Amino acid sequence: MKMSDEYAAFQAAEILKNLVPFMKPESLIDLIDVGNVFCHLALASSPSLTAPVAAALGGCGARDVSLVLLLNRDISIPVSSLIHMLEKAGLDSEVMLAIEERNETDLSIWKALLTARLHWIATRSDVSMPQEARLMTLLWSSPLSVRRHYIDALMAMKQITPQLLFHAFRSGAREIAVTLLAKASTLPSQAIDHALTTQNSNLIRSIASKAGLADILTNDLIEAIDQMNHQLRIDQKIAA
């Protein structure tokens, strides 16, 4: 496309963006089928885009269009379209981040994101790295608002396993470990935190039971908690 043609296409796209609120969704979807990248980018950035048009645009294939669409906080994008864009993006971390930052509430998108993120981490870590370590890497690196959704997804996918709990405590990730144990036991985080602070083994055993841990695994959990507390005491002495 010549420079003059590109400029004309850009100007036409800017005009189209202003016309979006006055056009029928069916007409906009037809435009997506025949429009160029300037047309698609103009539509993706429009605050007046309806969900059906956003879905059609998300399936058009261009990465840049998908990113502009995902970063458009003024519009609603169907969850099925978000998952489709995620799957189409493969290991594209920018697309994953853009979807995370939309802060969607539907659990299915977070399940899909969890799988995609773990795959992304796996390709960048040693093959011997256990799944629990990859999960902890994801939770550690996620903002609290995002981490909450990932923990909900882990619970729904039955991936808050004893091994993950042990790994969380042994690695010293107290806040994450408490949240995981609270989610698994359906108890408030404050109750878990109190049990850890007072080092009440009977209370910890009761919590472990509510979390579905077999009696034989409860001793391992207490050992992991003791290991975490020991390391925290060492860290506090060094910092003093």
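# Close-up views of a predicted model

**View 1. Helix 2 and helix 4 run roughly parallel to each other.** The model shown here and in the views below is predicted. Two packed helices are described by the angle between their axes and the distance between the axes. Helix 2 covers residues 25-34 and helix 4 covers residues 51-58. Their packing angle is about 10°, and their axes are 9 Å apart. Angles under 35 degrees count as roughly parallel, so this pair falls in that class. Helix 2 contributes P25, L28, I29 and I32 to the contact. Helix 4 answers with P52, V53, A56 and L57. By class, the contact has eight nonpolar residues, with no polar and no charged ones.

**View 2. C39 and C60 do not form a disulfide.** A disulfide needs two cysteine sulfur atoms within 2.5 Å. The sulfur of C39 has its closest cysteine sulfur in C60, 9.5 Å away, and that is too far for a bond. C60 is in no disulfide either, with the sulfur of C39 as its nearest cysteine sulfur. The disulfide count for the model is zero. C39 is buried, at 9% relative accessibility. C60 is partly exposed, with a relative accessible area of 29%.

**View 3. H40 sits in helix 3.** H40 counts as buried, at 9% relative accessibility. Neighbours within four places in sequence are left aside in this view. Beyond them, H40 is in contact with I32, G35, L57, C60 and V65. I32 belongs to the helix 2 side of the contact in View 1, and L57 to the helix 4 side. V65 is one of the buried residues of helix 5.

**View 4. Helix 5 has buried residues that pack against helix 3, helix 4, helix 6 and helix 7.** Helix 5 spans residues 63-70. Its buried residues are V65, S66, L67, L69 and L70. Among their packing partners, helix 3 covers 37-44, helix 6 covers 79-89 and helix 7 covers 93-100.

**View 5. Helix 6 is covered by several other helices.** V79, S81, L82, I83, M85 and L86 are buried in helix 6. An α-helix has 3.6 residues a turn, so residues three or four places apart point the same way. The cover over the buried residues of helix 6 includes helix 4, helix 5, helix 7 and helix 8. G90 follows helix 6 and has a positive phi, near 65°.

**View 6. W110 and Y150 form an edge-to-face pair.** A search of the whole structure finds one aromatic pair. The two ring centres, of W110 and Y150, are 5.3 Å apart, and the ring planes stand at 90°. Planes over 60 degrees apart count as edge-to-face, so the pair takes that label. W110 lies in helix 8, residues 107-122. Y150 lies in helix 10, residues 144-156. The pair therefore ties together parts that are 40 residues apart in sequence. W110 counts as buried at 1% relative accessibility. Y150 is buried too, at 0%.

**View 7. T186 and Q199 each have a positive phi.** Most residues other than glycine have a negative phi. T186 has a phi near 60°. T186 is found in the loop between helix 12 (174-185) and helix 13 (189-198). T186 is exposed, with a relative accessible area of 68%. Phi of Q199 is near 55°. Q199 is found in the loop between helix 13 and helix 14 (201-210). Q199 is partly exposed, with a relative accessible area of 46%.

**View 8. D74 lies in the loop between helix 5 and helix 6.** D74 is exposed, at 59% relative accessibility. H167 is 93 residues from D74 in sequence. In space, D74 and H167 are 40 Å apart, C-alpha to C-alpha.

**View 9. Q227 is placed in helix 15.** Helix 15 spans residues 215-239. Q227 is partly exposed, at 39% relative accessibility. G172 is 55 residues from Q227 along the chain. The C-alpha atoms of Q227 and G172 are separated by 8.3 Å.

Methods. Residues numbered from 1 in each chain as written. Predicted model: local features only at pLDDT ≥ 70, side-chain atom pairs only at ≥ 80, totals over all residues. Heavy atoms only, no water. Axes fitted to C-alpha atoms, helices over the stretch in contact; angles between N-to-C directions. Helix = DSSP H or I, 4+ residues; strand = E, 2+ residues; numbered from the N terminus. Parallel < 35°, antiparallel > 145°, perpendicular 65-115°, else oblique. Contact = heavy atoms within 4.5 Å. Nonpolar A, V, L, I, M, F, W, Y, C, P; charged D, E, K, R; others polar. Buried < 20%, exposed > 50% of the residue type's maximum accessible area, 1.4 Å probe, protein only. Phe/Tyr/Trp six-rings, centres within 6.5 Å; stacked < 30°, edge-to-face > 60°.
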